[in-house]
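My notes follow in the order I checked them.

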Amino acid sequence: MSFLWNKRMPKKTLSDLGPLAGKRVLVRVDFNVPLDKKTGAVKNDRRIRGALPTVQALLDAGAAVIAMSHLGRPEKATPEERANLTTDKVAARFGELLGRPVKKAANDVVGPAVSAAAAALKPGEVLLLENLRFDPREQQNDAEFAAAVAGLADAYVNDAFGTCHNDKDASMVAVPAAMKAAGKPRAVGLLVEKELTIVDGLMTAPKTPVLAVMGGAKVSDKIAFINALLSKVDSLLIGGKMAYTFLKLKGFDVGATRVAEEELAAATPLLGHVGGKITLPVDCLAAKSSDLGVTQVVEVGGAIPADYEGVDIGPKTLALFAGKINQAATVIWNGPVGWFEQPAFSAGTKGVAAAMADSGAVTVVGGGETAEAVEQFGYDSKMTHVSTGGGAFLAYVEGRKFQSLAQIDDRG
């Protein structure tokens, strides 16, 4: 893929870890997958599949793998919800995808039983720890907890791009720091290496012209990301709920679509780019608030009725967006352009995905809901890259420095 950043990766990777035969490798993965609320079964295994190349490479090198991840928000869960956040079902699905048994550690994240299970691992075996957030010290970047986790293995690999921006998680920062203190090597896995290489390529040497598609709900959450894109792209298409913020500022009556005052304030400094780099919808699909089955297409210049709210871009906007996508050499997409989870309101998001898949451009999808949408519509395999990180993708493009990556050994 010639568009990629061709500089040498500055952080150590799997190839820099040296001989691994007989070693135990601690791998921070991102198995924060959606679960069925009733059964706890894995509903989407995309993130598990993303970690398989790194895990398999380590096993092929003769290592034993100790994988660890957080899962959901047990600190905010009811007792019933917390019971479903154990990594038991994740371990089972991990083993199915890996094609070999995955051992599950005891219910404690660390402790004598976990240490014994790790010590007993043989080359080629895999152990998955309990949900890291079952221990509150994980989110406190606790040094004592980190030392206990670090003591389980001989090397550390960060293969969790989706959580690289979580600088207060012990598994991302304090654990590799403890590994360094013990003289143990630290590297990024194949997934993180690929993510960093691709995003760096987009930001430093993309094929031009470069176009970005933005969606989602809040301008305020993505203001730094939008500004970063505006400095790099030739055109930015905005859809989703955030589009109504800009349209309202332009004088369009958005009906019952909720637009908070803080969103208007966040979008105001960007208005100067509208009509230049920023392209807004020219029509939208609106649904009746009291009966979402009643819809109508409203052209910008008219007004959304008072009891209707915007739920998707309209057909003219989709045609406009698709035409611009077809003219681009690189397309970056973050945020669905409509309420895609509802089939009746998914035409815009599905159409953007289809246009990107057919464009011939380098196409990068920025994780989170956008990745879910692309996969749902069957276009994930037709994209150049679908990121495993939503918030991490945004933060890295913004130029934020990750403490998690600072802990990885530099190449000499």
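This is a predicted model: local features need pLDDT of at least 70, side-chain atom pairs count only at pLDDT 80 or more; totals for chains, interfaces and linings use all residues.

I started with the largest pocket and got about 940 Å³ of space in it. The lining has 40 residues, and the closest to the centre are N32, P34, R47, G72 and R73. I then sorted the lining by type: 20 residues are polar, 11 are charged and 9 are nonpolar. Which helices did I note in the lining?

**Helix α13.** Next I took α13, residues 368-376, and asked which of its residues are buried. My list reads G368, T370, A371, A373, V374 and E375. As a note on spacing, residues three or four places apart on an α-helix point the same way, because there are 3.6 residues a turn. For what covers the buried residues of α13, I found helices α1 (46-60) and α12 (347-359) among the elements, along with strands β13 (330-334), β14 (362-365) and β15 (385-386). Just past the end of α13, I flagged G378, which has a positive phi of about 80°.

**Sheet.** I traced an open sheet of 6 strands in the order β9-β8-β7-β13-β14-β15, and the pairing is parallel. Where are the edges? They are β9 (278-279) and β15, each of which pairs on one side only. Zooming in on β13 and β14, I counted 4 bridges, in the parallel sense. One bridge I looked up was that of W333, and its partner in β14 is V365.

Note on methods. Residues are numbered from 1 along each chain as its sequence is written. Side-chain values use heavy atoms; hydrogens and water are left out. Buried means under 20% relative accessible area, exposed over 50%, partly exposed in between (1.4 Å probe, protein chains only). Helices (H or I, at least four residues) and strands (E, at least two) are DSSP runs, numbered from the N terminus. Contact means heavy atoms within 4.5 Å. On a 1 Å grid over the protein atoms alone, a cavity is a set of points where a 1.4 Å probe fits but cannot get out, and a pocket is an open set with protein on both sides within 12 Å along at least five of seven lines; lining residues have an atom within 4 Å of a point. Grid points are joined across faces, edges and corners, and a volume is the space filled by probe spheres set on the points. Ala, Val, Leu, Ile, Met, Phe, Trp, Tyr, Cys and Pro count as nonpolar, Asp, Glu, Lys and Arg as charged, and the others, Gly among them, as polar. Two strands pair if DSSP finds at least two bridges between them.
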